[in-house]
Amino acid sequence: MAGNKSEDLFIERSAPLRDTDQRRGLHALTGTMRLNLSGRGTFMGAKSVASAIADHVREGMDKHSVLYTNAGASTIGGVGTAALGFLFWGVAARFFPPHAVGVATAIISMMGLMGIIGDGGLGALLIGETLQHKGREGELILAAVLASLAASGVCGLAYFVLANEFGWQLGQFAHSYAGAVLFVGGCALSGAVSVLDQAFFGLLKSVYQMYRSLSFSLIKLLFLAALVTSDAMHNEFFIVLAWVVSILITILVFGRLMLKIIGPVGRWIPDFRLLGRRFPLLIRHHMLNLATLAPGLIIPVLVTILVSPEASAAFYPAWMIICLALFGSGSLATTLYAIGRAEPSQLPSRLLLSLGLSAVVGAVTASVLFFFSGTILGLFNHSYRELAGPSLQLLGFGVIAAAIKQHYIAVSRLANRVGVASVYLALGALLEIGLAAAGSQVSGLFGVTVGWLLAVFLEASLMLKPIAKAMLGGTKTESRLRSPARIQSS
């Protein structure tokens, strides 16, 4: 445009539509105002604004397509998995005594923790490294899955021996050969499936992780329903059996699918040397994962041991809601890390977007638990509402603080500050577990809730500074890609 830009905009009514710079929306709005003041072209001016807004929306969707696609698929999978998970635990609550459900939640949580310990940081390594080893993805993924399978099984066996020695809550699993095999096998499979899921993230194929999660949830629900209608004894062993068998089935099915995605079988010779060369990086990622995820798995076990298995049965549905909400924000943060290695210049805008979406999820979760926790627990078993009382109403507010922690982790990984972040998060994990345990001794379930909330909000307040620095573009990310072209969703 020449001369007086405002006059040209007044004369050329279509100018806002042809403007392609980042001020398109402002130009369209200015054009509409001038047209309205002149008393002419009101409809065309409004149409220009609508078109400009639509262009901005399309541009934003294209710009963040990888983030939306992969995080969206993972979140949808998490929501569906949670819905089926609620049905699973609802069936368990209706047909199994609270003591059996409480012990089962503790055992399943501990299997998950052993899987994380056995993971050894391999899953996080796959998220950041898989796309950087073109042609060798299968070697890297298979080596990671097998290593995690073995290590998680060893960890499960060690825990089982210690639990029997010290009399920790194992219910029907204690001093049982079948229980030992099921528990150790469940630990091993938990580690393997965790690495497999994160391999899908690393390939930016998280839609398959979504399908696996949904399949697992549906199979375990159907399996448990079949057990309930049979003459099987209704104890914790059969709840855990449904869980472990379902993991095994999905590993076999989606492992085969992974083989098809990567290519010929010749690419699937595990290269453990490749993992060995990444050992220092593995250790840092492992410590970070352990410090991040351990509190969420240990706290239900603490409730079982320090309060009662019955209290744990009532606590677990509310805790599942927290985990569901954090799955959404965690998916955003994980995808942020996966693509941030290749597009570091886009980190500030994507980080701001991810935090905003996580804040909305946190606010919704807090409202649901504050107003409807009693109703939700009553849907599982009327005794759960009596066992928990108002103890869990405040639990949802912790989602906002925990989401900040998840994004701090992504920023730390991108800035190659995993070691420092691991130390802070390990201290934070000890604080969460310690305050929750101390609170349980003071005021039961309510004390657990208050103790955990105090810990996560203190952690979040200390992590805001590095996140703010990253949003302002002050964080330099590490990337080994020589030519970081935009990754297209596939």
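Select S148 in this predicted model; the residue sits in helix 8, which covers residues 137-166. Is S148 buried or exposed? S148 has a relative accessible area of 0%, so it counts as buried. To see what surrounds S148, show G115, G118, D119, L122, A188, G191, A192 and V195. These are the residues in contact with S148 once neighbours within four places in sequence are left aside.

Next, go to the largest nonpolar core, a set of 121 residues. Select W89, F183, I239, F315 and L395, the members that touch the most other members. Then colour helix 14, residues 309-340: with 15 residues, this helix gives the most to the core.

Stay with F315 and display its contacts. Not counting residues up to four places away in sequence, F315 touches I299, P300, V303, L392, L395, L445 and V448. One of these, L395, is also among the core members with the most contacts to other members.

Now turn to the surface. Select V360, V364, V368, F370, F371, F372, L394, F397, F446 and F457, which form a nonpolar patch. Together they have about 890 Å² of accessible area.

Which helices each supply at least two residues of the nonpolar patch? They are helix 15 (347-380) and helix 18 (418-471). Helix 15 gives the most, with six residues.

End on L394, one of the patch residues. L394 lies in the loop between helix 16 (382-388) and helix 17 (398-414). Its relative accessibility is 31%, and L394 therefore counts as partly exposed.

Key:
Residues are numbered from 1 along each chain as its sequence is written. This is a predicted model: local features need pLDDT of at least 70, side-chain atom pairs count only at pLDDT 80 or more; totals for chains, interfaces and linings use all residues. Side-chain values use heavy atoms; hydrogens and water are left out. Patches are made of residues with over 30% relative accessible area and no salt bridge: like charges are joined within 9 Å, nonpolar side chains (Val, Leu, Ile, Met, Phe, Trp, Tyr) within 5 Å. Accessible areas come from the Shrake-Rupley method with a 1.4 Å probe; for residues, only the protein chains shown count as cover. A salt bridge is a side-chain nitrogen of Lys or Arg within 4 Å of a carboxyl oxygen of Asp or Glu. Helices (H or I, at least four residues) and strands (E, at least two) are DSSP runs, numbered from the N terminus. Buried means under 20% relative accessible area, exposed over 50%, partly exposed in between (1.4 Å probe, protein chains only). Contact means heavy atoms within 4.5 Å. A nonpolar core is a set of buried Ala, Val, Leu, Ile, Met, Phe, Trp, Tyr and Cys residues joined through side-chain atoms within 4.5 Å.
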